[in-house]
Amino acid sequence: MNWSVNLPVSDVIYGINGPVVTVRNTRTFSMMEMVYVGESRLVGEVIGINDKMTTIQVYEETTGLKPGDPIVGTGAPMNVLLGPGIIDNIFDGIERPLKAIEEISGSFISRGAAVSSLDLNRYWNVKIKAKVGDVLEGGQIYATCPETAIIEHRFIVPPTLSGTVTSVQPNGKYKLMDTIVTIKDEKGVEHELTLCQKWPIRNARPCKERLPATIPLITGQRVMDTMFPIAKGGTAAIPGGFGTGKTMNQHQLAKWCDADIIVYVGCGERGNEMSQVLDEFSELIDPKSNRPMTDRTVLIANTSNMPVAAREASIYTGLTLAEYYRDMGYHVAIMADSTSRWAEALREISGRLEEMPAEEGFPAYLPSRLSEFYERAGRVEALCGSEGSVTIIGAVSPQGSDFSEPVTQNTKRFTRCFWALDKALAYARHYPAINWMNSYSEYFTDLDAWYRENLGDDFIKYRNKITSLLHEESNLMEIVKLIGSDVLPDDQKLVIETAKAIRVGFLQQNAFHKDDTFVPLEKQKLMMKAILHLYNKSKRIIAAAIPISGITQTGLFERLAKMKYDIPNDKLEMFDQLIADIDSSLAKLTN
């Protein structure tokens, strides 16, 4: 921000209550206006106005503020600067670059840090696409430049603007604020198009058309891709107590899902977890491009020791950045870790405002805020004519793994995919610790046509049978707990053995194994085929009065548990040999 601009002092502080500041007897501010508070120019936002008082929430630490300090209005809503330089950057909750802040203030963020969101002095190699006389509508692309080695930044006309091109600069190197195209609107007013634009973070960016959720987001995680899939442009929640692997799952999704760009929002998380993200992403090589993962990642770090109001804003900052790249025609996945910390920020601010609390002290508008967040996801036809999407995957941290608490329950209302993490699975080192009995996905009917076209009808048939066996095992285990497994008939013992092979060999995954950290859909299908082939063959043998003990002694179930390691992702023809070995081993039992 440029603090040399002489903005008039609108009024002075009357009262201070944590991050909430009040101004008395003023009519100069508008709702949701961005303001600067105090001599240090702390960033704030107007959140309440009546005939006696204006209420402002401050996005920085208010220590040292006192009544009588000045407040300056900007006349604009809380916004972010959009342009090249966003990717491979680390921002705080209000899009201040932490690397630039570190250079001027050291390890800790100083209050009122006067730094631009993007580097205004960096030159970008711009290729102009617009020509004089072209009619440009909002959202159309007028220039491009390489932002990173794998992401092309496409400069789009602000959605609220359109007109005829009157002048164009030649291709070359330009700074963010340089004018490269000039257009004249229907009223004859000329507008200069630079390499950047601003957008209010609480307003969703418009699109031409919302498209149905018919394409899956491929993650390479078997329990997600096969059992509980999510669509591109879909919404998912990962709820779980402390230590169940929420952050680990989101890291894995960020590394391997087939989105073009990842926006990772660390909302109220511990500082050591965010530093781990930074370290991992800087070292990880993107499997699609063989470039560093940071070349397609945006990180928003708002740790638990940062101001609580900025935590509330960080979610919207991340969403706006994601929508900006969606409008260029990219598929973006946003990881919000965690929405519970965001909801706690809402609760704290609501308490400061002395609002009437609802369940567990959360504000009554918690459901509407959650719906506003998740409803900004979607696969769309952008204004530029390209297809893009924003997929939202939000972690939820219910205290004591209590899924009946308000944040989890309201999140379930607005998400269509629910990956419930289980503490018992996590402590048993079963990764991902997604409980297959408590999780669900509502995208099956939307995605089944894609699975049939790309993987055949067998994939859906295998998945349904695998799910059926897991549910049957769950029912049988209730009996086993009461009377033991010895009294079960062999066909039911077979169900338990097969379900164990599914749990250990298919649902459990090793994030540190080169062939198991990411598994293509074709291998997932063949793994299910092998498990069900053994089950069906064994079922016929048991029907011929051969005891199950003979089948288990062949070691075939152990081989199924290890096939994820034994068969590399690039040698799927080895499944044919596995099937043949199953047939030959079982044939010996019937001779």
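Student: Is glutamate 473 buried or exposed in this predicted model?
Tutor: Buried means under 20% relative accessible area. Glutamate 473 has a relative accessible area of 6%, so by that cut-off glutamate 473 is buried.

Student: Which residue forms a salt bridge with glutamate 473?
Tutor: Side chains of opposite charge can pair when their charged atoms come close. Here the closest N and O atoms of the pair are 3.1 Å apart. One partner lies in helix H12 (residues 490-507) and glutamate 473 in helix H11, so the pair ties together parts that are 30 residues apart in sequence. The partner is arginine 503.

Student: Is isoleucine 483 buried or exposed?
Tutor: Isoleucine 483 lies in helix H11 (residues 457-483). With Ile479, Leu482 and Val487, this residue makes a nonpolar surface patch of about 420 Å². The relative accessible area of isoleucine 483 is 54%, and exposed means over 50%, so isoleucine 483 is exposed.

Student: How many charged residues are in the lining of the largest cavity?
Tutor: The largest cavity holds about 30 Å³ of space. Among the residues that line this cavity are Tyr142, Phe155 and Gln197. By class, the lining has seven nonpolar and two polar residues, and the charged residues number none.

Key
Residues are numbered from 1 along each chain as its sequence is written. This is a predicted model: local features need pLDDT of at least 70, side-chain atom pairs count only at pLDDT 80 or more; totals for chains, interfaces and linings use all residues. Side-chain values use heavy atoms; hydrogens and water are left out. Patches are made of residues with over 30% relative accessible area and no salt bridge: like charges are joined within 9 Å, nonpolar side chains (Val, Leu, Ile, Met, Phe, Trp, Tyr) within 5 Å. Accessible areas come from the Shrake-Rupley method with a 1.4 Å probe; for residues, only the protein chains shown count as cover. A salt bridge is a side-chain nitrogen of Lys or Arg within 4 Å of a carboxyl oxygen of Asp or Glu. Helices (H or I, at least four residues) and strands (E, at least two) are DSSP runs, numbered from the N terminus. Buried means under 20% relative accessible area, exposed over 50%, partly exposed in between (1.4 Å probe, protein chains only). On a 1 Å grid over the protein atoms alone, a cavity is a set of points where a 1.4 Å probe fits but cannot get out, and a pocket is an open set with protein on both sides within 12 Å along at least five of seven lines; lining residues have an atom within 4 Å of a point. Grid points are joined across faces, edges and corners, and a volume is the space filled by probe spheres set on the points. Ala, Val, Leu, Ile, Met, Phe, Trp, Tyr, Cys and Pro count as nonpolar, Asp, Glu, Lys and Arg as charged, and the others, Gly among them, as polar.
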